[in-house]
Number of protein chains: 2
Amino acid sequence: MTALSKKEMTHQRILQTAAKIIRRDGFDSLAVADVMKQAGLTHGGFYAHFANRDALLAEALGYAGAESAEILRQSLAQAISEGGEPLTAFIEIYLSEQHLNNCTEGAGCPVAALGSDFFRLDTTTKAIAGKLIEAYVEKVQELSNQKLNRESAFLLTSTLIGALQLARGLKGTAQASFYLTASREDLVRRHSDSQ
Amino acid sequence: MTALSKKEMTHQRILQTAAKIIRRDGFDSLAVADVMKQAGLTHGGFYAHFANRDALLAEALGYAGAESAEILRQSLAQAISEGGEPLTAFIEIYLSEQHLNNCTEGAGCPVAALGSDFFRLDTTTKAIAGKLIEAYVEKVQELSNQKLNRESAFLLTSTLIGALQLARGLKGTAQASFYLTASREDLVRRHSDSQ
DNA sequence: TTAAAAATATGATAATCATCATATTAGCAA
DNA sequence: TTGCTAATATGATGATTATCATATTTTTAA
């Protein structure tokens, strides 16, 4: 594990900035000069780091997935250390008020933030999106302690992502919190029964 | 029910074109001049029909919802006339291969096609998005013959939209069809039990 | 310290695009 | 037909933006 070179550190900083922007504003709203500025740089240096804007989008999506997974892992470890069941803890974290709201800061699950754009992506970026989806499904299956088969894990993943996305779409209305809470409690109940 | 004036017909034609474009390419990819061209007009006349681009996006989202609901109603009526149960017929239509694939033609459910952008919309358009979501939930509850309460209907709606969106994100891989089919069959099974 | 190399900055270009001002055409009443 | 009005077209403008050529700064190795 060698230390990152100056250039590699800059590269990472650009990626981190881009990963936030795409989740907050969407793929199409990412402007190269804007990313560079927010990363504390000027626009010209961009092409020393990425072949073009699309290459940044692809890497940024992967970075967002890794970042989100890492934060999730931490929250999950904490919840489990406090006696929570892995799968129900995951459900509670994923459908938390905090996760509902952090979209405006470009944090949280990139699939919920960008999922409806996935089918429009170029081949390279779509492959990364596909890996993110598969990783989510695998994680859910693993957290269920293999009690869920792959298809059931996909279905639960769909429910979680769909519910978060819809609740965000209703954000600002009374329904948003109501549905989010009801979904969280209902899913926790369902997946506790089968212990 | 008065006949539409020439201008109103043109207005509808622009809307129909825009409703297709936003679902196929996303909100941000809609270009005013392009919509007009595809509607058989030139760009200049646009502002005689809409205050600005945002106003078109708002109306187009509503139009897409109405169009999608109408097509759904027809498929559903046909399935029910052939002896299908309303809710299971809905699940089978929503998670059909056809619905999976029609995104590339700008057809189908606008929530699956655009849902992750909903939280970024301006107030007016977001209100329309919220109504689409609520309409979906109500429809699901109605089709369950009120056996599902509102929260459970929301959860099933989330699952359907999430599953379609994820399957589209995996489109082109073997997983896409596998997950779609498994989800469809599993959900139909679950919601037949409770008859 | 100093020159070569690496990294970043400045400035320019061409394309895209929403919007508007103005012109032209089409429908209709007389 | 002949004007009048509604509808649509043409052309222009200014803003945004990806990309590239070139310059400057920073780092590193001697």
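In this predicted model, the contact between the two protein chains draws 37 residues from chain A and 36 residues from chain B, two residues being in contact if their C-beta atoms, placed from the backbone, lie within 7 Å. On the chain B side, helix H6 (110-114), helix H7 (123-143), helix H8 (150-169) and helix H9 (174-193) each supply at least two residues. Helices here are DSSP runs (H or I, at least four residues), numbered from the N terminus. H8(B) gives the largest share of this side, 12 residues. By class, the side of chain B that touches chain A holds 16 nonpolar, 12 polar and eight charged residues; Ala, Val, Leu, Ile, Met, Phe, Trp, Tyr, Cys and Pro count as nonpolar, Asp, Glu, Lys and Arg as charged, and the others, Gly among them, as polar.

H7(B) also packs against helix H3 (residues 53-81) of chain B, at an angle of about 10° and with the axes 9 Å apart. Axes are lines fitted to C-alpha atoms, for helices over the stretch in contact, and angles run from 0 to 180 degrees between N-to-C directions. H3(B) and H7(B) are therefore roughly parallel (an angle under 35 degrees). Leu57(B) and Gly65(B) are among the H3(B) residues that meet H7(B), where the partners include Ile128(B) and Leu132(B).

Residues are numbered from 1 along each chain as its sequence is written, and chains are lettered from A and ligands numbered from 1 in the order in which they are written. Local features need pLDDT of at least 70 and side-chain atom pairs count only at pLDDT 80 or more, while totals for chains, interfaces and linings use all residues.

Notes. Angles under 35 degrees count as roughly parallel, over 145 as roughly antiparallel, 65 to 115 as roughly perpendicular and the rest as oblique.
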